[in-house]
Amino acid sequence: RARPNSFHRPSFLVHTFGTLVVFEAFLLHRLSKTAPSLSFSRLARAAGVDRVPRCILSRTHTRTMAGGGKKSSHAAAAAPKSGDGEQAKNTTDLNSFVKSQDYANYFCTYSYLYHQKEMLSDHVRMNAYYRSVFDNQECFRDKVVMDVGAGSGILSVWAAKAGARKVYAIEATSISKHARTLVEHNGLSEIVTVMQTKVEDIESLPEPVDVIISEWMGYFLLRESMLDSVIVARDRFLRPGGALYPSHCTVYLAPCRTPLAMQRANELSNAMNNWDRFSSDIQAQYDVDLSCLRTPYYTEETEYSLQTSQWAEVYPSQLAGVGAPMLELDLNTCTVADIEVIKANVTMQISMPAGVDGDDEDTAMGEAAEAPAAEQPLQGIVGWFDVEFRGSEKNPAQQLHPPVVLSTAPDASGATHWGQQLFPVAPGAVTVRDGDVLHAEVKLERREENHRLLRLYFDMCKQPKGTRPKDVDWNAQVALRWNID
């Protein structure tokens, strides 16, 4: 999250390099226990991996490689059948590998001060959390606090300065050493205990906690799946009636016009033109006809360019309607099952100021043109989230009317480091005019190959201005989907 997921391929490879290193180490470890002359696929199978990823650098494949779905989490606990001792050991080794892979591809990115500095420089984020603590100081005074995913430790320091009796700062990465240094430097070592571990690996604490504070939100709120860890901490360590900061979340979707969507479409066109030149060169120089691969290459590039969301800085004038809530969560009660697959019906009314044109440079900076609005292509859907710091029903925040809110909505003054997520729509797929209504059946789910990444399905119908919902042809849905990487 420290860097926008704006699809620069070199940074994409750097991001997953750690996965390759860990995977190689795992295979070499198993190679010493198997035949020395196995092919890559056979070597992987010998290591207990049932399925080799299509491309090791494509993304992590933790669930697929662990045997698929939720069954993998129980594999190590299952009693081995007679003669299956080696298979059971392979499973144990594989579980260790999966944890190492998750660390290499996710946790370690937060272990650098460079990344922490980028998040600490987000003043919208910082001001919201600072106010959530010090505007609600009585809610922290003499309390036991847990900071889940403490990072640099700044939330733990604030909690201690607000009067907490004890703070447990839980951080899985080596940034914890810097958090410990920060705590000591601020003279708070007697209050704040920094623990380098995942919260899931903590079996017990000396006492239950009164407050859980955490900055767990990823792109589009749920990317990274760190909310799972907060829920584990809540269920395992929070005193009944204890408070969470933040406590409530809402995800919004809105239609938009932005030049970024057209840029993505142009990327696809350029990629295919490049393929055609490349294919012709191969035919001319090496007498091999690659035309049979053009369709799968187009499918691959379409997923890359038009079926993957992008970090974006969207201005309010680029919205083609008011944000509609897609998801509302109460962290005091929600479960992991509630967020693994999310289904919702979303209704968005098109409302375009006269002449708003996302292709226009002035409009992209927040200034509308003067021409009247007409039917125009819908270039994208934009998503963002808000979180509120209300505490709990039994221990509500002092600052409650209104509560402290951290919003990542489009803002004329600029975006937070979360930005917004742009879901591009292919040119010509949907056209809209002022007053139209879009009805969408939305499904957000975790990706099978990596539970920290998401996929959004968006089946949409248009209700033209002046018609009624019952007049809509619901069979004429436009089916869209995007990966959230």
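These legends walk through several close-up views of a predicted protein model.

**View 1**
The protein has 485 residues, and buried residues make up 50% of them. Its secondary structure comprises 14 helices and 17 strands. Among the contacts with a separation of 6 or more, 76% are between residues 24 or more positions apart.

**View 1. L222 sits in the largest nonpolar core.**
The largest nonpolar core has 90 residues, and here you can look for L222 and M326, which touch the most other members. Which residues does L222 contact, leaving aside its neighbours within four places in sequence? The partners are W216, L227, L327, L329, I339, I342, L444 and L454. Another core, of eight residues, lies apart from the largest one, and its members include A254, V314, L319 and L422.

L221 belongs to the loop between β4 (residues 209–214) and α10 (residues 227–237). Although L221 is a residue other than glycine, its phi is positive, near 70 degrees. Is L221 buried or exposed? L221 is buried, because its relative accessible area is 1%, which falls under the 20% cut-off. Y219 is found in the loop between β4 and α10 too. With 1% relative accessibility, Y219 also counts as buried. Now find I484: Y219 and I484 are 265 residues apart in sequence, yet their C-alpha atoms are 8.2 Å apart in space.

**View 2. Helices α11 and α12 pack in a roughly antiparallel way.**
Two packed helices are described by the angle between their axes and the distance between the axes. Helix α11 covers residues 259–286 and helix α12 covers residues 294–305; their angle is about 155 degrees and their axes are 9 Å apart. Because of that angle, α11 is roughly antiparallel to α12. Their crossing is right-handed. On the α11 side, the contact is made by R264, E267, L268, A271, M272, W275 and D276. On the α12 side, you will find R294, Y297, Y298, E301, T302, Y304 and S305. Sorted by class, this contact has seven nonpolar, two polar and five charged residues.

**View 3. Helices α7 and α8 pack in a roughly parallel way.**
Helix α7 (residues 123–134) packs on helix α8 (residues 154–161) at an angle of about 25 degrees, with the axes 9 Å apart. That angle is why α7 is described as roughly parallel to α8. The crossing of α7 and α8 is right-handed. From α7, the residues M126, Y129, Y130, V133 and F134 take part. They meet I154, L155, W158, A159 and K161 of α8. What classes of residue form the contact of α7 with α8? Nine are nonpolar, none is polar and one is charged.

**View 6**
Six of the eight residues in α8 are buried. They are L155, S156, V157, W158, A159 and A160. What covers the buried residues of α8? The cover includes helices α7 and α9 (residues 176–185), along with strands β1, β2 (residues 166–171), β3 (residues 192–196) and β4.

**View 4. D142 has a positive phi in an exposed loop position.**
D142 is located in the loop between α7 and β1 (residues 144–148). D142 is not a glycine, but its phi is positive, about 65 degrees. Is D142 buried or exposed? With a relative accessible area of 56%, D142 is exposed.

You can find P246 in the loop between β5 (residues 238–245) and β6 (residues 248–256). P402 lies in the loop between β11 (residues 380–389) and β12 (residues 404–407).

Notes: Residues are numbered from 1 along each chain as its sequence is written. This is a predicted model: local features need pLDDT of at least 70, side-chain atom pairs count only at pLDDT 80 or more; totals for chains, interfaces and linings use all residues. Side-chain values use heavy atoms; hydrogens and water are left out. A nonpolar core is a set of buried Ala, Val, Leu, Ile, Met, Phe, Trp, Tyr and Cys residues joined through side-chain atoms within 4.5 Å. Buried means under 20% relative accessible area, exposed over 50%, partly exposed in between (1.4 Å probe, protein chains only). Contact means heavy atoms within 4.5 Å. Axes are lines fitted to C-alpha atoms, for helices over the stretch in contact, and angles run from 0 to 180 degrees between N-to-C directions. Helices (H or I, at least four residues) and strands (E, at least two) are DSSP runs, numbered from the N terminus. Angles under 35 degrees count as roughly parallel, over 145 as roughly antiparallel, 65 to 115 as roughly perpendicular and the rest as oblique. A crossing is left-handed if the near helix is turned anticlockwise from the far one by less than a right angle, and right-handed if clockwise. Ala, Val, Leu, Ile, Met, Phe, Trp, Tyr, Cys and Pro count as nonpolar, Asp, Glu, Lys and Arg as charged, and the others, Gly among them, as polar.
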